[in-house]
Amino acid sequence: MKTVKLGIIGLGYIGKVHLRHSLKIKNACVSATADLSKKALNKAKKAGVKKTFTNYEELLKEPEIDAVIIGLPTHLHLQSAKQAAEAKKHIFLEKPIARNIEEAKEILCTAKKNSVRLMIGYPLRFNTTFRNLKKELENGTVGEAEITHAAYISTGPFMHRAEAHTPIPVPEWWFNKELTGGGALIDLGSHIINLLRWYFGEITDIKSLLGYRYNLNLEDSATCLAKFENGTRAVINVGWFSQGYQLKVDVYGSVKNTTAQHAPSNPILTVFQTLTRGISEFYQPHYAELQYFVNRVINDQSPSPSGEDGLKDLEAIAKAYKNQIRLH
Amino acid sequence: MKGYPLSLVSFVQIKNSNLAEAIETSLDLINYDFSKDIKNIVIKPNLCYYWDYSTGQTTDPKFTAALINLIRTHTSPDLNISIVESDASAMQCKYAFKMLGYEKLAENHNVNLINLSEDPYETVNVTAGKCSFKIMVPKTIQEADLKINAPKIKYTMEPIKLTCALKNIFGCNPYPKKYRYHSRLEEAIVAINKAMKFDLHIIDGNIVSGIQPRKLGLIMASQDPVAIDVAAAEIAGINPKTIKYLKLASKEDLGNTTYIPKGESISQFKKGYPRKTIKNKLMNKTYTLLIRAGLGKRLGLE
């Protein structure tokens, strides 16, 4: 079987997660990485990556690379994904696909024009619990899903932990709406919207109520009301305001109610799982999505979530930003 | 100990959410009066990362606002008041002021927000224990007639154990990469306190951060940073004798390790503080060791 040669662009938080898992997936090898940080590149070298670049354009010139994993800040998605497509590399692009619909369309168009596969990183679709919920919905055991509550509440980009030896600064771009395309709604909401679209079909209408607890020019929380083409109504809550972590979907169906959630396991279990399996339960979906992407590239099949999915998610988010509810 | 003949520490329970009244009572109990000659005041809250006051990690802007109103009532409404903080390894003041509600406070109360990392400074040589330091003393702090420290009571990593009055002044060090001091942090805390001596220490113990945040409703005040830290350590269930920098600070004439309690009994606050259990301590040590060994990310802990 063919081995897919991967290039990883961006070694920030998510890039490092992808590198760690890419080194473990079957039928793939990491040929090169690119990042501005020499420290991150040195670590990648130590992990076994032969070629490292401070400029990703150099990485894209490498003829042996079949596909790239892009984990750059959102404002760099358009440029990097376009260049990767033009270099005929298949693309795994972190969510959200881009800052806005126009950029997303341009990425899609360039990928299509150059006949490369484009997958958007939505690990929830590879999470066993959320996959089981999909099966439950499909096989009718829940009946018709009338109402759904979905919540993704976390620290967002403000993830420094008091226990950590070296404090983790928040990259500057996270504070700039022009660079992110929005706040918690685009960051965490894209995960939930993508998941619920997978369950219930397209969104027919959506409204939002945004929160600004931290006085930034981007929202740190959002409550959305959405209606799907199958008739299901959803309340979606996302937020960056809590040191607690909650990622949960409750479905209230005509036959029964059901819940799926993704929770971090306790530190002892995490260490145990990492030592015994190489990957903790928490990160298993990240591993699975990369393995899936590589398999799709090998078999020359379109991946899902696709670039079109990324665009539809962004269209729903744009609509939610436009249709804001104001409560006094 | 020289300079602090009476190390009074007051303990006041906040009643009916009236912060101003509790702060005033805490100052009355230690016989503190604001001088009428004061022109420039510096207030140093504890702004830690971007965690807001509800976590117990940072000084509540409502507490700082009540303190500002009280100072102006007792002195002059035209006083120049500056709230100071410095950039840290993972925190930028410009965002912390905004996110933690201090930008709004400054607008509403006509006070200055000073990022000490951008303030002009003078370098002074200070020794603490066997270590020598070159400490940058910001101009705003040098020029203040009255310097008020408004810390929190928090656990922190070994061997420091406690973050309160003395450790909060460590945050006046304008050098952002503060983790560079961590190999001799105890001495650095003392040295910075020697270089920038604060006159008054008022603890915002309304919400405290132990193993979890809890509403304790406590205000403490003292002119002695060592004494107030000793009392805070007792509340947090840490034997103050095991905190080396308190011993060093006392040796370096920053304050007394004994104090005269005033106001309410300390026992009710000791009882209410969310203290570490043996399980917490073991977990925390294991966690810290794994992270320090560089295994945090690899093991999925960070």
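The structure is a predicted model, in which local features need pLDDT of at least 70, side-chain atom pairs count only at pLDDT 80 or more, and totals for chains, interfaces and linings use all residues. Residues are numbered from 1 along each chain as its sequence is written, while chains are lettered from A and ligands numbered from 1 in the order in which they are written.

Chain A falls into domain 1 (4-120) and domain 2 (125-285 + 306-322), with bounds taken from an automatic or database domain assignment. Between the C-alpha centres of these two domains of chain A there are 24 Å. Where they meet, 22 residues of domain 1 of chain A are in contact with 21 residues of domain 2 of chain A (contact: C-beta atoms, placed from the backbone, within 7 Å). On the domain 1 side, two or more residues each come from helix 1 (13-22), helix 5 (101-113) and strand 6 (118-121) of chain A; helices (H or I, at least four residues) and strands (E, at least two) are DSSP runs, numbered from the N terminus. Helix 5 of chain A gives the most to this side, with six residues.

Chain A also holds an open sheet of six strands with parallel pairing, in the order 3-2-1-4-5-6; two strands pair if DSSP finds at least two bridges between them. Strand 3 (51-53) and strand 6 of chain A each have a single partner strand, so one side of each lacks a neighbour in the sheet. Elsewhere in the sheet, strand 1 (residues 4-9) and strand 2 (residues 28-34) of chain A run parallel and are joined by six bridges, and A:Ile8 has A:Thr33 as its bridge partner.

In chain B, helix 8 (residues 225-235) is mostly covered, with ten of its eleven residues buried. Among them are B:Pro225, B:Asp229 and B:Ile235. Just after this helix of chain B, B:Gly237 takes a positive phi of about 80 degrees.

Methods
Two residues are in contact if their C-beta atoms, placed from the backbone, lie within 7 Å. A residue is buried if 20 or more other C-beta atoms lie within 10 Å of its own, exposed if 12 or fewer, and partly exposed in between; C-beta atoms are placed from the backbone.
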